[in-house]
Amino acid sequence: MELFLNDNFKVLDLLYNNQVKINKAYICPMTQQEIGEGLGFSLMKVNAIMLTLRQEGYIDRYKNSRGRYVLTTKAKKLLTMLEANKGR
């Protein structure tokens, strides 16, 4: 949970809110540069956060392609839990 009390959550939330459905899969078709621009982060910072999110099992690349990310079930459960606790 501590992982998401900072900028990691902002990136994960941006990915979640920018998903589109392509071939029965929900993906976020944004490059790291676009993610950085959207959040005001440097490319290096986004790259480090994306690496952490991948290593921790929250995101993955869609079919190993650049600029297309999928949220894992683990990420979706976390976002659902955080959203449910938001009003508390």
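Helices (H or I, at least four residues) and strands (E, at least two) are DSSP runs, numbered from the N terminus. This is a predicted model, in which local features need pLDDT of at least 70, side-chain atom pairs count only at pLDDT 80 or more, and totals for chains, interfaces and linings use all residues. Residues are numbered from 1 along each chain as its sequence is written, and side-chain values use heavy atoms, with hydrogens and water left out.

**View 1. The loop between strand 1 and strand 2 holds Asn 23 and Lys 24.** Strand 1 covers 20-22 and strand 2 covers 25-27. Most residues other than glycine have a negative phi. Asn 23 is not a glycine, yet its phi is positive, about 50°. Lys 24 is not a glycine either, and its phi is positive at about 70°.

**View 2. The largest nonpolar core has 19 residues.** A nonpolar core is a set of buried Ala, Val, Leu, Ile, Met, Phe, Trp, Tyr and Cys residues joined through side-chain atoms within 4.5 Å. Which members touch the most other members? They are Val 11, Leu 12, Leu 15, Ile 35, Met 50 and Ile 59. Two or more residues each come from helix 1 (7-17), helix 3 (43-55), strand 4 (69-71) and helix 4 (73-85). In soluble globular proteins, nonpolar side chains tend to be buried together.

Now look at Ile 59. Contact means heavy atoms within 4.5 Å. Neighbours within four places in sequence are left aside. Ile 59 is then in contact with Leu 12, Leu 15, Met 50, Leu 53, Arg 54, Tyr 69, Val 70 and Thr 72.

**View 3. Helix 1 packs with helix 3 at an angle of about 80°.** Their axes are 10 Å apart. Axes are lines fitted to C-alpha atoms, for helices over the stretch in contact, and angles run from 0 to 180 degrees between N-to-C directions. The angle makes helix 1 roughly perpendicular to helix 3. Angles under 35 degrees count as roughly parallel, over 145 as roughly antiparallel, 65 to 115 as roughly perpendicular and the rest as oblique. Helix 1 brings Asp 7, Asn 8, Val 11, Leu 12 and Leu 15 to the contact. Helix 3 brings Lys 45, Ile 49, Met 50 and Leu 53.

**View 4. Helix 1 also meets helix 4.** The two axes come within 11 Å and cross at roughly 100°. Helix 1 and helix 4 are therefore roughly perpendicular to each other. On the helix 1 side are Phe 9, Leu 12, Asp 13 and Tyr 16. On the helix 4 side are Ala 75, Leu 78, Leu 79 and Leu 82.

**View 5. Helix 2 crosses helix 3 at roughly 110°.** Their axes come within 9 Å. That makes helix 2 roughly perpendicular to helix 3. The crossing is right-handed. A crossing is left-handed if the near helix is turned anticlockwise from the far one by less than a right angle, and right-handed if clockwise. Gln 32, Gln 33, Ile 35 and Gly 36 in helix 2 meet Leu 43, Val 46, Asn 47, Met 50 and Arg 54 in helix 3.

**View 6. Gln 32 is a buried residue in helix 2 (residues 32-39).** Its relative accessible area is 13%. Which side chain joins Gln 32 in a polar contact of 3.1 Å? Asn 47 does. The side chain of Tyr 69 also makes a polar contact with the side chain of Gln 32, at 3.4 Å. A polar contact is a pair of N or O atoms within 3.5 Å; within protein, one must be able to donate a hydrogen and the other to accept it, and residues adjacent in sequence count only if both atoms are side-chain atoms. Not counting residues up to four places away in sequence, Gln 32 touches Leu 43, Val 46, Asn 47, Met 50, Arg 54 and Tyr 69.

**View 7. Tyr 69 lies in strand 4, and Arg 61 lies in strand 3 (residues 59-61).** Tyr 69 counts as buried, at 3% relative accessibility. Arg 61 counts as partly exposed, at 34%. Beyond four places in sequence, the contacts of Tyr 69 include Leu 15, Ile 27, Cys 28 and Met 30. Arg 61 touches Arg 54, Arg 68, Tyr 69 and Val 70, again not counting residues up to four places away. Tyr 69 and Arg 54 are 15 residues apart in sequence and 9.9 Å apart in space, C-alpha to C-alpha.

Technical notes: Buried means under 20% relative accessible area, exposed over 50%, partly exposed in between (1.4 Å probe, protein chains only).
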